[in-house]
Amino acid sequence: MREISAELIRDTVARLAVEACCHLPESTLTAMHRARECELSPTGRDVLDQLIRNADIAASEQVPICQDTGLAVVFADIGQDVHITGGLFEDAVNQGIAKGYAEGYLRKSSVEEPLFERRNTGDNTPAVIHTRLVAGNRITLRLAPKGAGSENKGALHMLVPSDGLEGVKKAVLDTVRHAGASPCPPMVIGVGIGGNMELACLCAKKACARDVESHNPDPRYAQLEDELLELVNRLGTGPAGLGGSVTAFKVNVEFCATHIASLPVAVNINCNAARHAEAVL
Amino acid sequence: MSVVHRLVTPLSKDDIRTLHAGDLALISGTVYAARDAAHKRMIETLDRGGTLPFNPAGQLIYYVGPTPAKPGRPIGSAGPTTSGRMDAYAPRLMELGLAGMIGKGNRSRDVMNAIRDNICVYFAATGGAAALISRCIRSYEVLAWPDLGTEALAAMIVEDFPVIVVADCFGIDLYEEGKKPYQTI
């Protein structure tokens with residue numbers, strides 16, 4: 001049994017919040033440069049130039065890449081040989097979010113209740129926390145702030161097995177086509193296939209938060225990622241939705257076991273500020 | 001090559017008639033920052049027979065909810081938010097003389113018609129370029145509803161704020177036209 005203090009978790013989450021919101025991952029930046037090289041539209045290239053300059057300014061001045069510093073989505077893999085001391089895990093994460101969003105001058109975008117008053121909680125809590133118990137005595141924290149412009153354009157399609165591969169491709173294409181310019185393309189598209197309703201969505205979110213340089217380890221799904229990317233880029237949406245050949249940097253696919261009668265497909269779209277930061281305690 | 005307009009607010013109808021979808025513009029002067037919650041309150045104010053906290057005639061609303069300003073800065077990062085969420089409110093403001101809007105993303109048919117019928121314009125700023133855009137913002141002053149925080153109605157003075165005309169007063173929509181040469185599916 002290894003002890004990890006709630007204080008360390010809090011401070012780590014606070015640091016990750018600022019890092020994720022101000023520093024675009026190197027891989028996303030590389031994807032942006034690559035897109036700049038192959039984009040056919042002059043307007044699209046101009047948009048990508050702006051985004052590259054923006055990322056440089058954000059990193060050098062430690063200011064947010066995007067004003068929508070998102071709901072804080074935290075993936076926590078907790079080793080089952082860890083004993084958390086000095087407080088509750090979820091409290092520590094939320095205290096870390098509050099601290100990071102205050103100290104980093106990040107925007108507080110969380111409202112406490114969705115329908116009537118919509119009062120801002122003032123500290124960007126509560127975080128959306130996905131906890132998994134894993135082997136070992138470490139905690140891996142992955143923070144992926146997610147803005148609403150892209151999040152609002154996601155969709156769940158409850159397909160059936162006979163819809164097959166073509167049905168999956170159509171679901172992804174329809175979602176991205178319908179999203180248009182709103183999710184700030186070029187996007188990173190997370191696709192979750194299988195599971196049930198909620199698991200498909202969680203898979204899509206994990207796919208969305210995955211690195212743009214990663215591929216699904218299953219070669220069939222890796223190939224599907226490439227095929228979907230090619231299809232999406234043929235939509236012509238382009239950078240900022242103004243027309244062009246690069247609508248997405250990457251399509252990431254995650255899959256899981258499903259019911260004999262089901263083929264759920266969830267599509268979670270990330271914007272060009274495909275942000276995440278990770279720490280292992 | 002696209003035309004680049006240098007515009008100073010407020011805009012006249014003649015200014016607006018020179019703008020065509022796809023043209024670039026650098027905007028200077030006062031623009032008003034408002035998004036979801038401020039729009040809701042503006043419309044509620046009008047419904048009660050009240051007047052808006054600013055005169056919309058010839059003015060531009062920028063759909064933005066900035067991050068908090070760091071010490072010594074007028075504003076934090078301040079890129080455009082998705083305009084579609086303001087579609088329910090925008091036609092009413094255009095009927096009151098609002099010259100146009102700056103945001104990102106597609107608009108409803110009603111908004112596109114109101115842009116054409118009222119001789120208005122819809123500009124897009126680059127979504128995701130929030131740190132870059134904030135460099136064009138010289139000041140940020142909350143005019144109303146400070147309880148809304150980042151969503152408060154504010155007046156900003158901008159200098160050479162780079163935007164592109166997405167919807168002009170002739171009914172052209174760059175989001176529809178721009179993708180056509182690249183669409184192969």
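1. I begin with N124(A), which counts as buried because it has 24 C-beta neighbours inside 10 Å; a residue is called buried if 20 or more other C-beta atoms lie within 10 Å of its own, exposed if 12 or fewer, and partly exposed in between, with C-beta atoms placed from the backbone. Although N124(A) is not a glycine, its phi is positive, at about 65°. N124(A) sits in the loop between α4 and β4 of chain A, where helices (H or I, at least four residues) and strands (E, at least two) are DSSP runs numbered from the N terminus.

2. Please keep in mind that this is a predicted model, in which local features need pLDDT of at least 70 and side-chain atom pairs count only at pLDDT 80 or more, while totals for chains, interfaces and linings use all residues. Residues are numbered from 1 along each chain as its sequence is written, and chains are lettered from A and ligands numbered from 1 in the order in which they are written.

3. The loop that holds N124(A), between α4 and β4 of chain A, also holds P126(A), with α4 spanning 89–103 and β4 spanning 128–134. The peptide bond between T125(A) and P126(A) is cis, with omega about 0°. In chain B, a cis peptide bond leads from T9(B) to P10(B), with omega near 0°, and P10(B) belongs to the loop between β1 (4–8) and α1 (13–17) of that chain.

4. W145(B) is a residue other than glycine with a positive phi, near 60°, and its place is in the loop between β6 (137–144) and β7 of chain B. W145(B) counts as partly exposed because it has 19 C-beta neighbours inside 10 Å.

5. E39(A), in the loop between α2 (26–38) and α3 of chain A, deserves a look as a charged residue that counts as buried because it has 22 C-beta neighbours inside 10 Å. Leaving aside neighbours within four places in sequence, E39(A) is in contact (C-beta atoms, placed from the backbone, within 7 Å) with residues including R45(A), L48(A), P239(A) and V246(A). E39(A) and G238(A) are 199 residues apart in sequence, yet 8.4 Å apart in space, C-alpha to C-alpha.

6. How many residues does each chain bring to the contact? Chain A supplies 41 residues and chain B supplies 37 residues. On the side of chain A that touches chain B, helix α3 (residues 42–61) gives the most, with seven residues. That side divides into 19 nonpolar, 17 polar and five charged residues, where Ala, Val, Leu, Ile, Met, Phe, Trp, Tyr, Cys and Pro count as nonpolar, Asp, Glu, Lys and Arg as charged, and the others, Gly among them, as polar.

7. Not counting residues up to four places away in sequence, V191(A) touches V172(A), L228(A) and V267(A), among others.

8. The strand β7 (153–167) of chain B is also what the buried residues of α2(B) pack against, and these are A37(B), A38(B), H39(B), R41(B) and M42(B). Just after α2(B), G49(B) takes a positive phi of about 90°.

Notes
Contact = placed C-beta atoms within 7 Å.
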